[in-house]
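Me: Hi! I'd like to go through this model with you, a bit at a time. Could we start with the terms?

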Amino acid sequence: MILAKTEAAGERGLLPEVLAFTSSLPLDRQLLREDLAGSLAHLTMLARCGIVPRQAALAIRGELLKLWDLDPLQLPPEEDVHMAVEARLTAVLGETAGMLHTARSRNDQVALDMRLWLRDEITGLRSEIRQLQRAFVDLAVNNIDVVMAGYTHLQRAQPVYFAHHLLAYVEMLERDQQRLVDAFRRVNVCPLGSGAIAGSTLALDREMVARLLGFLDEKGRPVVTQNSMDAVSDRDFAVEFCAAGALLALHISRLAEDLILWSSSEFGLIRISDAYTTGSSLMPQKKNPDVAELARGKSARVIANLVALLTLLKGLPMSYNRDLQEDKQRLFDTADTVRSTVRICAAMLRNLSVNKAACAAASADPALLATDLVDYLVGKGVRFRDAHHLVGEAVALAERKQKSLDKLQLTELRTIHEAFGDDVRDVFNLKQAMARRTGTGAPGTAEVRKQLARWTKLLPEGTKP
Ligand code: ARG
């Protein structure tokens, strides 16, 4: 379609292959409504400022509104969505259509469209993140008593509540969410009126346009860009979004890795619902965690999108350069990818079951409480470094005697140090051990419940899909 030499593009002498090479329409036609909203606001301002006659403005307005429900695929084959809209207007209104672009360039127009689009995208993504957080919290609440082995270096380390592990992801997502809130402030600035590079000699009311399009600060004041050259060449807002998206994708990739490990026969801690796994075309017994694997895999291109954007921008002279058109593919792809990934992961979490017996078996390993035994000795007045060393000896002794750490006799322990007493048995009571972890952020019984209550309150019921 793009290859067809159109009248309008043809009149300007664009060769079909040049049009095909330079056109961004296949991508930016999804900005149609943003483009129309921007044009409507610009037109209103031009009319109110007496720059465009009222009758002409009304006629253009009517035609712009008619395009609101147009299928973007029906736009004429032009260089970009901005030219395509103008071509449609011209076809109907003739020369009158030419007034709309007064004091405007596609350079400030595209910057505006992208900011409008990204504002909605950020709002939508934030709500998806909220729902994913809520899915974590619900899964945690439903498994509130489950204790599992926590890992460092992928080696069993210390016991933690399953809920505590899940809440780690809720914290990560909270930072992602805050980054988006912060990025939004810099997206929400109106560039219109900057023209191609140097604004306009006509007396525009930029603040009016900003107000009409909702570019407002917390106090309801309009926010407009303060330097016309920066305004048309700045894509920091896209970089910031792609960076926030990359970190979000990375967090989800790590989650996916945990889920893949946990669902393997070797761990067997969870079962991912069949609906979120696929079979093998060859091996009949296989149930593969493809959704989780793709959630992990897709993070690669979200990270690549950030790097591509940074690379695109790093050598550009001021101010607008056509290279900037390449920003859209990266920005749109990051937005689509992270949003669909967040959404499907929330659904997968809601359809996941926990193998409580396997978690209990793993957390029953008394070696996980070796550090508690160190703390026990410290409580008896032994210096930490010595206590650490002494428990190391106890671990070695248990190994020699081929029994687990908790099965060592008191007499055996006392050959290592006389500080060991009868009460040492309590160290290996898992329930008590979990209750002992009382500090803020610790995986203790009361603290985890406190954190769950905090998150349940922060993520209202409505966050549930
Ligand atoms: N399609 C262009 C882009 O996405 C719009 C701006 C083109 N401006 C120009 N002077 N050629 O960046």
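Reply: Buried means under 20% relative accessible area, exposed means over 50%, and partly exposed is in between (1.4 Å probe, protein chains only). This is a predicted model, where local features need pLDDT of at least 70, side-chain atom pairs count only at pLDDT 80 or more, and totals for chains, interfaces and linings use all residues. Residues are numbered from 1 along each chain as its sequence is written, and side-chain values use heavy atoms, with hydrogens and water left out.

Me: Great. Is Met172 buried or exposed?

Reply: Met172 has 10% relative accessibility, so it counts as buried. Its place is in helix α8; helices here are DSSP runs (H or I, at least four residues; strands are E, at least two), numbered from the N terminus.

Me: And what is Met172 in contact with, leaving aside neighbours within four places in sequence?

Reply: With that set aside, Met172 is in contact with His251 and Arg254, where contact means heavy atoms within 4.5 Å.

Me: Let's switch to helix packing. At what angle do α7 and α20 pack?

Reply: About 140°, with the axes of α7 (residues 106-142) and α20 (residues 445-458) 10 Å apart. Axes are lines fitted to C-alpha atoms, for helices over the stretch in contact, and angles run from 0 to 180 degrees between N-to-C directions. The two helices are therefore oblique to each other: under 35 degrees counts as roughly parallel, over 145 as roughly antiparallel, 65 to 115 as roughly perpendicular and the rest as oblique.

Me: Which residues make that contact?

Reply: On the α7 side they are Gln133, Arg134, Val137, Ala140 and Val141, and on the α20 side Leu452, Trp455 and Thr456.

Me: What about Glu447, buried or exposed?

Reply: Glu447 is found in helix α20, and at 5% relative accessibility it counts as buried. Its contacts, leaving aside neighbours within four places in sequence, include Arg437 and Thr438.

Me: New topic: how many aromatic pairs are there?

Reply: The count comes to five aromatic pairs. Rings of Phe, Tyr and Trp (its six-membered ring) pair if their centres lie within 6.5 Å; planes under 30 degrees apart count as stacked, over 60 as edge-to-face and the rest as tilted. In one of the pairs, Phe162 and Trp262 have ring centres 5.7 Å apart and planes at 50°, so this pair is tilted. Phe162 lies in α8 (residues 162-187) and Trp262 in α11 (residues 236-263), so the pair ties together parts 100 residues apart in sequence. Both Phe162 and Trp262 are buried.

Me: How do the rings of Tyr376 and Phe420 sit?

Reply: Their centres are 6.2 Å apart and their planes at 15°, so that pair is stacked. Tyr376 is in helix α15 (residues 370-379) and Phe420 in the loop between α17 (410-416) and α18 (424-427), 44 residues apart. Tyr376 and Phe420 are both buried.
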